[in-house]
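Walk through this model with the structure open beside the text.

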Amino acid sequence: MYDDLIGLDAGTEELFTDPDPDKAREFFHHKNRGLVNKVTTIEQAVSVHIKDGDYIAVGGFGHVRIPTALLYEIVRQKKRNLGMAGHTSIYDSDLLATAGCIDRCDISYVIGYEIRGLSASARRAFQSKEIRKTDWSNGALAWRFAAAAAGLSFVPSRHMLGTDTFKRSAAKTVTCPFTGKKFAALPALYPDVAIIHVHNADTFGNCQITEGILVSDAYLARAGKKVIVSCERLVPHEEIRANPQATTIPYWCVDAVVEVPYGSHPGNMPGEYWFDEDYFKMYLDAVKTEEGAQKVFNDYIYNVKGFGEYLEKIGGVKKMRDLRAIEKLIYMNKC
Amino acid sequence: MCADYNPLELLVCIGSRIIEDNSTVFVGTGVPMAATMLAQKSHCPNVIAIFEAGAVAPQMPGMPISVGDSRTSYKALIASSMNDVMEACQRGMVDYTFLGGAQIDMYGNLNSTMLGGEYQEPKVRLPGSGGANDLASLCWKTNVITPMDKRRFVEKVDFITTPGYLNGKGAREAAGLPPGTGPYKVITNLCILGYDDETCRMRVESLHPGVTFEQVQENCGFELLKADNLEITPPPTGEELRILREEVDPEGYIIGR
């Protein structure tokens, strides 16, 4: 039993992105180094920088510090045939899979909503062969971004071996030239576009993530050929210069900056606002049927003019004030 | 079984007891979060809880909903990255992890990826590894907390998402996983299981109050071994239940579902 897995030296599934570091260098060679104003609108950021067929990766943790406004805009603009890193993904991959935006996905975590259960619409989408799949672990995708951030083609690691997760990946094995030990070899992942939500950014794209966890975003921002940042607030350039240790993402990684207060709703934005559990319950109930999913996407994405109108629809200032109070432990309830 | 607590409360209380103070524990989502928080508020005030999104040793003000939310980094020692905490596991710094899964076999292999059908078009697609494969590959001791029934405890899992002992002694090392790592305990609503040193097969080590070995075997899809000195699990204490209900999960996210 399972003998075939133990000696396997290569995964069998598709590698969706090219790990060639010289092709990546060629791209980065021509990336703009100027300290220029990159502030734009949500609509422009998505229409200019994301094209059909691109491979995208999303910062944050699936429902924590996610760039919801950018995700909604990708859905609204009906982007198609996108590839995606389903890395610690929850609401992000659910939105893009349910809306038919993606046709291939490196999966480490999709469909699940942690203790809330599962999304029926994401499950329908990922069960279908309409989305080509390759599986990994969360650590594998985190290290694949790190390999790309370092300008390499792969990184050795010591997990996944012996399992179907390895078999259904596009990893290989490698023998260490120093110790003779067997390792997994993870191909570097250079996404075409990374989209990341942060607390503070200046107009050039220098970013601070001031509270909560970083997940893999520092690496993802460096791995992405293009990076779109949404921020809770724009800050003066001097604030970046005054505290350079706080810069998580330097401007030279970033192609577009959009200021979107509450831009991670219904996700948790550490230090700013808690999850909107009312919204998640409504959403997860609605998407149990295809009709329900269509209606919730119409009501909250297709038929609203933009993120401002969406925020009004989910409860406006009062709702966001309540979510802030829970986050700041001023008062707590289920909200 | 005593009716003063529900099966999930039992799982959380028993799970929390195998955590040791001053140990490093990598915490998965759901029941493990509640068990770790209960341990922290009872016998393990200095347990170092690690969460995969990057938080280390928080003093959680309430039950996290996510292993990446702001409660996991509240008054933490560091709010770091996934790369950093996974590298700590790979470096050998993490003692325990607590995981769940849809299926588990006699060697502790876990499936959380798919049930039935073909890989590209499964009957049921599940979330995937998340951090589970990383943690069970790289932490020293892997614990599983799960309800026990024949659908979950199966002869052969449909997909090995997360490595147990694979197919027996030495298999992990042959595959290339770090030596000395592997499954440790399985905590269920019926019993606590461990693994036989020679065969690496699951064995019953402690029966919960009022549960017989036969009852456990009936709820398991493979043949179980029995420890020589089979123990009886002490039931949850009033104090454990009070802390769990009032301080750990008053909203009933885990124990009330």
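Of the 257 residues in chain B, 58% are buried. The model is a predicted one, and its overall dimensions can be checked against a simple rule. A compact globule of 257 residues would have a radius of gyration near 18 Å, and chain B, at 17 Å, agrees with that. Along the principal axes, the C-alpha atoms of chain B fill a box of roughly 45 × 45 × 35 Å. The chain contains 7 helices and 14 strands.

Now turn to the partner chain. On the side of chain B, 56 residues are in contact with 59 residues of chain A. Four elements of chain B each give two or more residues to this side: α3 (82-91), β9 (122-125), α4 (132-138) and α5 (171-175). By residue class, the side of chain B that touches chain A divides into 23 nonpolar, 25 polar and 8 charged residues.

Look at α3(B) next. Which of its residues are buried? They are B:Met82, B:Asn83, B:Val85, B:Met86 and B:Cys89. Just after the helix, B:Gly92 takes a positive phi of about 95°.

The largest nonpolar core has 189 residues. Those touching the most other members are A:Leu96, A:Phe145, A:Val229, B:Val12, B:Ala34 and B:Leu38. Beyond its neighbours within four places in sequence, B:Ala34 is in contact with B:Val12, B:Met63, B:Val248, B:Asp249, B:Ile254 and B:Ile255.

Move to chain A and its strand β5 (residues 154-157). Side chains alternate along this strand. A:Val155 and A:Ser157 point to one face and are buried. β5(A) runs antiparallel to strand β7 (residues 182-187) of chain A, and 4 bridges join the two. Across the pair, A:Phe154 stands opposite A:Pro187 in β7(A).

Finally, consider the backbone. Most residues other than glycine have a negative phi, and most peptide bonds are trans. A:Thr88 is not a glycine, yet has a positive phi of about 45°. A:Thr88 lies in the loop between β2 (82-86) and α5 (91-98) of chain A. Is A:Thr88 buried or exposed? A:Thr88 counts as buried because it has 30 C-beta neighbours inside 10 Å. B:Asn22, also not a glycine, has a positive phi of about 65°. B:Asn22 is found in the loop between α1 (7-17) and β1 of chain B. With 10 other C-beta atoms within 10 Å, B:Asn22 is exposed. The last stop is a peptide bond. From A:His265 to A:Pro266 the bond is cis, with omega near 5°. A:Pro266 is found in the loop between β11 (256-259) and α11 (277-286) of chain A.

Notes:
Residues are numbered from 1 along each chain as its sequence is written. Chains are lettered from A and ligands numbered from 1 in the order in which they are written. This is a predicted model: local features need pLDDT of at least 70, side-chain atom pairs count only at pLDDT 80 or more; totals for chains, interfaces and linings use all residues. Two residues are in contact if their C-beta atoms, placed from the backbone, lie within 7 Å. Ala, Val, Leu, Ile, Met, Phe, Trp, Tyr, Cys and Pro count as nonpolar, Asp, Glu, Lys and Arg as charged, and the others, Gly among them, as polar. The radius of gyration is taken over C-alpha atoms; the globule rule is 2.2 Å times the number of residues to the power 0.38. A residue is buried if 20 or more other C-beta atoms lie within 10 Å of its own, exposed if 12 or fewer, and partly exposed in between; C-beta atoms are placed from the backbone. Two strands pair if DSSP finds at least two bridges between them. A nonpolar core is a set of buried Ala, Val, Leu, Ile, Met, Phe, Trp, Tyr and Cys residues joined through C-beta atoms within 7 Å.
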